[in-house]
Amino acid sequence: MRLCKLFSRIIAFTICLLAISVSCAGTKLIPIKVAILDNFHFQPYITNKFGDRYINGIRLANFDLKETGYVIKYKTFDYDRVHPLAILQSAKEVKAWRPDVILGPRNSNMFLLIRGTFKNVLVLSAFATSNDVKSMPANYYSLMFPDSYMAKAMYVYIKKNYPNKRVYAIAELNCKNCVDAARVFSKYYNMNNSNRLIIKN
């Protein structure tokens with residue numbers, strides 16, 4: 001008797017599994033087109049493995065999403081780091097592909113450069129920190145705090161650990177977030193110190 005009950009439960013369980021697999025097989029996954037507009041080697045030596053980890057993150061997200069009925073179709077749109085305006089051509093190619101979401105670029109200069117290129121699609125940067133990001137169209141967004149936060153934190157650190165010391169700032173002129181951070185830092189410093197901060201660009 002027990003053997004019959006066990007057998008019938010095994011058959012019922014197997015039929016349930018088959019029914020689930022058939023229903024899942026019949027369900028078509030809804031694609032989400034994700035364009036990756038980024039140059040993974042923008043900062044050599046600092047981010048050599050960034051590209052691999054980025055793509056692994058997309059694959060992991062895809063694995064989880066499939067259980068909810070979606071699948072990520074992603075395509076990488078790279079650009080030449082030697083020629084800064086090369087991103088504009090890549091942006092045209094992204095537009096032609098018609099993605100649902102655009103990831104990148106993470107560099108503030110590049111992110112600001114494509115301002116207004118995309119109208120009705122979310123453009124999400126992982127690391128653009130320029131203060132000017134907040135003035136971009138509403139569909140452009142960065143996951144990082146603006147440079148003003150970092151600049152204030154640096155000022156508080158120097159005020160506490162190096163009181164009454166002279167400070168010189170050297171900022172890379174073609175780096176938007178570097179210039180932003182130096183300007184905000186100098187604002188805090190010059191309000192509270194008689195020796196004014198000298199910025200070299």
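Start by selecting Asp 180: at 5% relative accessibility, Asp 180 counts as buried (buried means under 20% relative accessible area, exposed over 50%, partly exposed in between, with a 1.4 Å probe and protein chains only). What you have open is a predicted model, where local features need pLDDT of at least 70, side-chain atom pairs count only at pLDDT 80 or more, and totals for chains, interfaces and linings use all residues. Residues are numbered from 1 along each chain as its sequence is written, and side-chain values use heavy atoms, with hydrogens and water left out.

**Stop 1: around Asp 180**

Asp 180 forms a salt bridge with Lys 176, and their closest N and O atoms are 2.7 Å apart (a salt bridge is a side-chain nitrogen of Lys or Arg within 4 Å of a carboxyl oxygen of Asp or Glu). The two are separated by about one helical turn because they sit 4 residues apart in helix α6 (helices, H or I and at least four residues, and strands, E and at least two, are DSSP runs numbered from the N terminus).

Which residue else pairs with Lys 176? Select Asp 132: Lys 176 forms a salt bridge with Asp 132 too, with the closest N and O atoms 2.7 Å apart. This pair links distant parts of the chain, as Lys 176 is in helix α6 (residues 176–192) and Asp 132 in the loop between β4 and β5 (140–142), 44 residues apart. Lys 176 is partly exposed, with a relative accessible area of 24%, and Asp 132 is partly exposed at 30%.

**Stop 2**

Next, pick Arg 106 and Asp 38. They form a salt bridge, the closest N and O atoms being 3.6 Å apart. Buried or exposed? Arg 106 and Asp 38 are both buried.

**Stop 3: helix α2**

Select residues 50–66. Helix α2 has 17 residues and reaches 25 Å from its first C-alpha to its last, close to the 24 Å expected at 1.5 Å a residue (the expected span is 1.5 Å times one less than the number of residues). Colour Gly 51, Tyr 54, Ile 55, Ile 58 and Asn 62, which are buried. They cover an arc of only 90° around the axis, so they are on the same side of α2 (the arc is that of the directions from the helix axis to the C-beta atoms). The buried residues of α2 pack against β1 (30–37), β2 (70–77) and β3 (101–103).

**Stop 4: Phe 118**

Phe 118 is in the loop between α4 and β4 (122–125), and it is buried, with a relative accessible area of 4%. Show its neighbours: leaving out residues up to four places away in sequence, Phe 118 touches several residues, including Leu 37, Ala 91, Ile 102 and Tyr 140 (contact means heavy atoms within 4.5 Å). Lys 95 is 23 residues away along the chain, yet the C-alpha atoms of Phe 118 and Lys 95 are separated by 7.4 Å.

**Last stop: zoom out**

Show the whole protein as a cartoon and you'll find 6 helices and 7 strands. Of its 201 residues, 33% count as buried.
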